[in-house]
Amino acid sequence: TSKYHSTDTKVNGMVGNDGRVSIHAGFHVDLRITFQDAATGKRLKIPNLPLTFFDLDTSLNGKVIESISAEGFSNYTVSPNTEVLIDRSDTATATIFKASKPGVLADNPTNAKYLTQLQQKRTVTLIYAKPEEVHVTLAATAGVGNRFFIFAAKPSLLCPKTIHPGERLLIDLEYFPPLDIPVAAAEANMTFQDWFVEDGQLVEAGHTLCTVIRNDGISRTYAAPQTGKVTIQQKLKTGTNIDTALSDQRILAIVTLPTWPALKRDKGDVPAQTIVGLHFSSWKVQHGDMVKKNQVLVELKDDAGQLVKLKSEKAGVVKAMQTKFRPGDPVERAIDRTLLAVGKFTKLKLRAGQQPVASAAGMKFEQWRAKVGDVLTVSSPIVDVRSSRDVWHQITATKDGILVSRQEGLKWGMKLDEVMMDRTLAVIGKLPPLNVGSGETATCVKPGRRFIAYKVEKGDFVTKGTIIAIVAGVVQDEYREQYVRPIRAGIVREMQKDLRRNMSIDDAMKDLNIATIGKLDPLDVGLEWKPVEVPFLTAEFVEWRVRTNDVVNKGDPIAVILDASGKHEVLKSPKKGRIESRQDQLTKGCNLADVLQDKTVAVVGRLPAVQTLPFVQTPVEAPQGAIFQGWLVADGEQVSRGQPVAQVLMPDRRLKDDMISLAQASAENVVATDDGSINLQPLEPGMRIEDAIEGPTIATVNKSVPYMQIFAVLVCVVLWFCFFCLLKIMRKPKPVYSHLIFDVLPEKSDIEMPVQDGVPEKMTVQPQVPHGLQLDFEDDHNPHHGGDHLYVRTYYAVHRPLGIIPHDAEQRQSPITVARFTINSYAKYLGVRLHSRLVAINGQSVRDEDYDTIDAMLERGLAEYEPWPLRIHFQCPDGRIEPRKFDEQPLGLEFTNQAPIKVSKVFKDSPAEQENVKVGWYIVQVGDMEVRRITNFKRVVGYLQEGVYPLAQGSKEYPLTVC
C-alpha cells in the first residue's frame with residue numbers, strides 16, 4: 001500500500017509455507033494480510049494467530065538496518081538473548097523491532113520449526129487474538145542493495161527446536177496431491193545410506209529409490225509407490241541422521257505421476273469433464289460407440305469410495321478417449337480432466353481433383369464394400385446403407401480412381417445424420433504419379449484416352465519401336481485403339497499397375513505418364529576385373545562379338561559401336577579372362593547415352609582354371625592368399641624341378657577394413673614341379689591370384705613325351721580288354737534281384753554285396769544290430785569286382801535330414817535316386833554315392849512304393865534323431881581357420897552385407913557365442929561349400945540359409961537381419 005522499490009522482485013511470494021519480500025535500501029512497504037476460506041472465498045478470523053519474522057539483521061557495514069513495525073497484536077516473544085531492538089514509545093501506536101547485528105545469506109533459516117541459536121536471536125513471534133486483518137510495515141534504512149524479509153504463520157519461538165552446531169536441517173519438500181506422491185521414512189532414528197535414482201528420473205512402480213539403516217542395523221529399502229518421475233529428492237548424504245536433517249514429515253522424495261495431454265477435439269465436440277478429487281473406476285463405453293443424451297460414459301469414485309457417474313450431455317459418437325486411465329488413477333492425470341469427447345465424425349478432407357461419395361438424408365450405415373487403397377471403376381460398389389423405411393441402397397463410384405479415405409468409425413446401424421457433420425462417406429482420388437528420376441523419361445498419352453492393356457512388364461528393356469501399352473480414344477471422329485511407344489530405349493522402371501481396362505486416364509491419374517523409362521543398371525566390377533568401356537556415349541550400339549562366360553584374350557573383340565561420324569569402332573578386351581557380365585539388353589541401333597548410366601558395356605573377370613593333361617603336364621600352384629609380384633622365367637623357357645619360376649607376396653592374413661593388410665608381408669618363390677617347358681598365365685604384378693584366376697594354378701610344365709610309358713599303358717589296355725571279353729563269354733546271364741539281404745554295418749559303411757541268382761555271394765555274421773535307421777542303397781558300380789552285379793550298401797542314420805536331392809524332385813518320382821547332395825549333407829558324410837537308389841528302409845523293401853510313401857517312411861524313421869549339425873569354417877584375422885558346429889537356429893550372428901561375409905556382432909547367449917565365434921571373423925566355408933572366393937553376397941547368404949534351415953529352432957529371438 002506504499003511506495004515500493006526492489007531490484008529483485010522475483011523472490012517475492014510464497015516459498016513452501018514461508019512468505020518472502022524483497023525491499024531496496026531506503027524504502028519501506030506496508031502489508032495488509034487477510035484470511036479467507038479456500039473453497040468458499042469467505043473472510044475468516046483466526047484465533048490466537050502466530051506470525052513470526054525471521055532473520056532481522058543489518059548489512060555487513062551496519063548502515064542498512066532492517067525493521068518491522070506492527071500494531072494490534074496481543075503479545076510478542078523474542079529469545080532471552082535476542083539481538084532484536086524493541087522500540088515501544090508511549091506516543092506511538094505501533095511497536096518497532098529493529099536489527100542490531102550484521103548477517104549474511106548463509107545464516108538464513110531454511111525451516112520455520114528448526115532454528116539455530118543465532119537464528120533464534122534474530123527472530124520475533126507476534127500473537128494476534130482474533131484478527132480480521134494484520135497490518136505490518138517492513139523497512140530498510142538508506143544504503144546499497146536489497147534486504148530480504150522472511151515470515152511464516154507459525155509460533156517458531158514458542159516451541160523452538162534448536163539445531164546445534166554441525167547439524168543441518170533440509171527444507172521440507174513441497175508437493176501437490178494427488179499427482180505428487182511423497183515417499184517418507186516410516187520410522188524414527190534411521191540413518192540414510194544411499195540413493196539409487198536422480199532428480200527427473202522416470203521409475204516404474206516398485207523401483208528402488210534409496211536405502212536406510214535402522215537402529216538395529218537392518219537395512220530397509222524405499223521404493224516408488226507408482227510409475228512416474230522422481231520430481232525432487234532430499235540431498236541426503238551417506239551416514240546422515242534422518243531425524244536431524246529432516247522435519248517431522250521425514251519426506252525423502254516426491255514421485256510425480258505423469259499427466260496426459262488434452263484430447264484433440266473438433267468444433268462442436270462436447271467434452272466429458274469431471275471435477276477435481278475423483279478417481280477413475282471403469283469405462284462404460286468404447287471408442288466409436290454411439291451414445292444417447294444422459295447415457296453413463298464413465299464411473300468414478302471420490303475419496304470416500306462413493307460412486308460418481310459421468311454422463312453424456314448430448315447424443316453422438318465417442319470420438320476420443322483417455323484410454324491410459326486405470327482403476328484408481330486420479331482424474332488430474334488428464335491435464336484438463338477431460339476423459340472423453342462426444343461429437344460428430346470429422347469431415348473428410350477433399351482436395352482438388354477428388355470426388356466425394358455421399359449418401360442421401362435419413363440413411364443408416366450398413367457395411368463397407370471397398371477399403372482405402374482399392375482401385376475403383378465407374379459403378380464399383382463402395383458402401384451399403386439403409387433408409388428409415390428399411391430399404392437397402394448401394395452407393396457406387398461415379399468415376400474411375402482410387403479410394404483415398406472413408407469414415408472409418410462408422411458402425412452398423414448408425415444414423416448418418418446424427419454422427420456426421422456432412423454426409424460424405426468416402427473420397428475418390430487419383431492414382432499417385434509415377435516417379436521420374438534424373439536421366440529418366442515419362443511415357444505420356446494424349447488427353448481423353450482410356451486404358452486398354454500393358455504390353456510390357458516392369459524391368460523389361462524397350463526400344464523406340466516397342467509397344468508399351470494400348471489405349472483407346474477418339475481420333476478423327478472415330479473411336480479406336482492406339483499404341484503407346486517410348487520416346488527412347490531403356491528399362492521400364494515404373495508402371496501404373498493399378499490401371500484397369502477401360503479406365504479414363506484423365507479421371508484416374510494425376511498426370512498422363514503411364515510408364516517411366518530409365519537407364520540400365522551399371523555392371524558390377526569385382527576386384528582384379530576389368531571393364532570394357534565405350535570411349536564416348538554419343539554412339540550407337542551395333543553388335544556383340546562375345547557371350548557371357550566366353551573366355552577371351554587381351555585384345556579380342558567384345559562389341560562393335562557406331563560413332564557420331566558413322567565410323568565403326570571395335571571394343572576390345574583389356575585382359576585375358578572370362579566374360580563375367582555384359583549389358584545383354586543392348587541391341588542394334590540403341591543410343592548408348594539413352595540407355596547407359598556409365599561407359600561400361602561388359603566386364604572381363606578372372607582367368608579360367610587351367611586344365612592340365614595327365615602324364616603330359618604338371619601344374620605350378622601358388623599358395624592360398626598370395627599376391628603376384630613377377631615372373632622369374634620367360635614363357636616357353638625350359639625349367640627343371642625345384643627351379644623358382646615366380647615370386648609372390650604372402651600377407652600376414654590380418655583382415656582389416658575388409659582388405660588384406662600387406663604389413664609384414666613376406667616374399668616367397670613358387671617353384672617348378674617338373675622338368676620341361678613352362679607355359680605362364682598372363683598375371684600382372686600386384687594382382688591377388690585368387691581374384692585374378694580360378695584355382696591356384698598359375699603355370700603348367702610340359703613334360704617330354706614318355707613313349708615307353710605310353711606303350712606300356714596301351715599294352716595294359718589291350719590285355720584288360722581281352723580279359724573283359726573272356727569274362728563276358730564265360731559269365732552266366734544277369735540275374736534278377738529277387739530279395740534283399742544286408743550286412744550290419746557301423747554308422748559310416750561301405751561293405752558291398754554282389755547278388756548272384758538272388759543269393760548274395762558273400763554273407764557276414766551279424767554280431768549285433770547297430771543303432772540307427774537302416775537305409776539300403778543299390779548301385780551297379782563296384783571298383784573292386786568285375787561283372788554286371790547289382791550292389792547294395794547299407795548305412796545306419798542317426799541324424800536328420802539326409803540331405804539328398806533326388807532326380808526329378810519336382811516330379812516326385814520313385815525310386816529315389818541320388819542326383820546330388822545339399823551343402824551340409826549327412827548322407828554324403830555316411831558315404832552314400834551319387835546315382836545310387838534307395839531300395840529298403842529298416843529291411844522293408846520300397847522298390848514298389850511311390851515317392852510320398854517313401855518320404856513319409858523316412859520322416860517317421862528319422863523323427864527321433866537329432867538334426868545333423870551345420871559345420872561352418874571361419875577365418876580369423878591372423879589367417880587361422882576355425883571350424884565350428886551348430887545344432888540350432890538362429891545362430892545369433894549379424895554380418896556385413898557384402899561378400900566375403902564378415903561377422904559384425906555376436907548376440908549374448910546365442911549358439912554363436914557358445915561356439916566362441918568372434919567379431920571380425922570371416923565365413924569361408926558352409927558345410928561342404930567353400931565360399932571364400934565368392935563375391936556375390938546373395939549367393940553366399942543363400943548357401944548359409946540352406947545350411948541353417950534344417951537345424952532345430954532355438955528359444956532365442958533376434959531381429960530379422962540376424963542369421
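Helix α9 takes in residues 851-862, twelve in all, and at 1.5 Å a residue it should span 16 Å. The distance between its end C-alpha atoms is 17 Å, which agrees; the expected span is 1.5 Å times one less than the number of residues. Keep in mind that this is a predicted model, where local features need pLDDT of at least 70, side-chain atom pairs count only at pLDDT 80 or more, and totals for chains, interfaces and linings use all residues. Numbering starts from 1 along each chain as its sequence is written, and side-chain values use heavy atoms, with hydrogens and water left out. Helices (H or I, at least four residues) and strands (E, at least two) are DSSP runs, numbered from the N terminus.

- Tyr 851, Ile 854, Met 857, Leu 858, Gly 861 and Leu 862 are the buried residues in α9; buried means under 20% relative accessible area, exposed over 50%, and partly exposed in between (1.4 Å probe, protein chains only).
- They cover an arc of only 130° around the axis, which puts them on the same side of α9; the arc is taken from the directions from the helix axis to the C-beta atoms.
- An α-helix has 3.6 residues a turn, so residues three or four places apart point the same way.
- Look at the face turned away from that buried side and you'll find the exposed residues Glu 859 and Arg 860.
- The buried residues of α9 pack against several strands, including β60 (773-779), β61 (791-797) and β65 (837-841), with contact meaning heavy atoms within 4.5 Å.

**Salt bridges**

- The count comes to 44 salt bridges, each being a side-chain nitrogen of Lys or Arg within 4 Å of a carboxyl oxygen of Asp or Glu.
- Arg 847 forms one with Glu 778, and their closest N and O atoms are 2.5 Å apart.
- That pair links distant parts of the chain, 69 residues apart: Arg 847 sits in the loop between β66 and α9, while Glu 778 belongs to strand β60.
- Arg 847 is partly exposed at 31% relative accessible area, whereas Glu 778 is buried at 4%.
- Asp 216 and Arg 214 also meet in a salt bridge, at 2.8 Å from N to O; Asp 216 counts as partly exposed at 49%, and so does Arg 214 at 26%.
- Arg 884 pairs with Glu 882, with 3.2 Å between the closest N and O atoms; Arg 884 is buried at 13%, and Glu 882 counts as buried at 18%.
- A network of salt bridges links Asp 57, Glu 66, Glu 83, Asp 107, Arg 122 and Arg 147.

**A buried charge without a partner**

- Glu 299 lies in strand β24 (residues 296-301).
- Glu 299 is buried yet has no salt bridge, and the nearest side chain of opposite charge, Lys 284, is 4.1 Å away. For charge, Lys and Arg count as positive and Asp and Glu as negative, while His and the chain ends are not counted.
- Leaving out residues up to four places away in sequence, Glu 299 touches Phe 280, Ser 281, Ser 282, Lys 284, Leu 307, Val 308 and Lys 309.

**Strands around β11**

- Strand β3 (residues 28-34) pairs with β11 (residues 133-140) in the antiparallel sense over seven bridges; two strands pair if DSSP finds at least two bridges between them.
- Leu 31 has Val 136 as its bridge partner in β11.
- Strand β5 (residues 66-70) also runs antiparallel to β11, joined by five bridges.
- Glu 66 has Ala 140 as its bridge partner in β11.
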